[in-house]
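Subject: Structure handover

Hello,

Here is the structure I promised to pass on. Please open it first, then read my notes below.

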Amino acid sequence: MPWWGIWLVILSTFLIVASLHYIGQSKHPFKRSALSSVLGALTLFAVNLTGTVTGVTLPISALSLLVSAIGGIPGVTLMLGLNLFF
């Protein structure tokens with residue numbers, strides 16, 4: 001996928017999440033969606049950094065980054081749960 005396509009996916013995902021926060025009557029939808037995306041990505045990296053101690057890791061790929069950016073911390077928890085059962 002070309003770089004402009006990747007940035008288009010990132011931008012459209014951010015705008016969709018921001019619009020969902022706006023529909024949910026958030027006072028600062030862009031700030032809240034950016035914080036949610038950053039916290040989700042940081043949680044994914046934290047899970048992988050502590051994987052040597054806990055034995056639980058998630059592969060970092062475009063799909064897992066997208067799920068963690070859209071879902072935030074609950075998205076990473078969902079991936080951990082799916083990793084447990086499948």
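Start with Leu-44. Leu-44 is buried, because its relative accessible area is 0%, and the cut-off for buried is under 20%. Bear in mind that this is a predicted model.

Where does Leu-44 sit? Its place is in helix α2. Which residues does Leu-44 touch, leaving aside its neighbours within four places in sequence? They are Leu-58, Ile-60, Ser-64, Leu-65, Ser-68, Val-76 and Met-79. His-21 lies 23 residues from Leu-44 along the chain, and their C-alpha atoms are 22 Å apart.

Next, the helix pair. The axes of α2 and α4 cross at roughly 60° and come within 7 Å. That angle makes α2 oblique to α4. The crossing is left-handed. On the α2 side, the contact is made by Ser-36, Ser-37, Leu-39, Gly-40, Ala-41, Thr-43, Leu-44, Phe-45 and Val-47. On the α4 side, Ser-64, Leu-65, Ser-68, Ala-69, Gly-72, Ile-73, Val-76, Met-79 and Leu-80 take part. Sorted by class, the contact of α2 with α4 has 11 nonpolar residues, 7 polar ones and no charged ones.

Now α1. Helix α1 covers residues 3-23, so to speak its 21 residues. From its first C-alpha to its last, α1 reaches 30 Å. That is close to the 30 Å expected at 1.5 Å a residue. Which residues of α1 are buried? They are Gly-5, Thr-13, Val-17, Ala-18 and His-21. What covers the buried residues of α1 includes α2 (29-49) and α4 (62-85). After α1 comes Gln-25, with a positive phi near 65°.

Finally, the whole protein. How many helices and strands does the protein have? There are 4 helices and 0 strands. From the N terminus on, the elements run α-α-α-α. The C-alpha atoms fill a box of roughly 40 × 35 × 20 Å, taken along the principal axes. The protein has 86 residues, and 23% of them count as buried. Among contacts with a separation of 6 or more, 42% join residues 24 or more positions apart.

Best wishes

Definitions and conventions:
Residues numbered from 1 in each chain as written. Predicted model: local features only at pLDDT ≥ 70, side-chain atom pairs only at ≥ 80, totals over all residues. Heavy atoms only, no water. Helix = DSSP H or I, 4+ residues; strand = E, 2+ residues; numbered from the N terminus. Expected span 1.5 Å × (residues − 1). Buried < 20%, exposed > 50% of the residue type's maximum accessible area, 1.4 Å probe, protein only. Contact = heavy atoms within 4.5 Å. Axes fitted to C-alpha atoms, helices over the stretch in contact; angles between N-to-C directions. Parallel < 35°, antiparallel > 145°, perpendicular 65-115°, else oblique. Left-handed = near helix turned anticlockwise from the far one by under 90°. Nonpolar A, V, L, I, M, F, W, Y, C, P; charged D, E, K, R; others polar.
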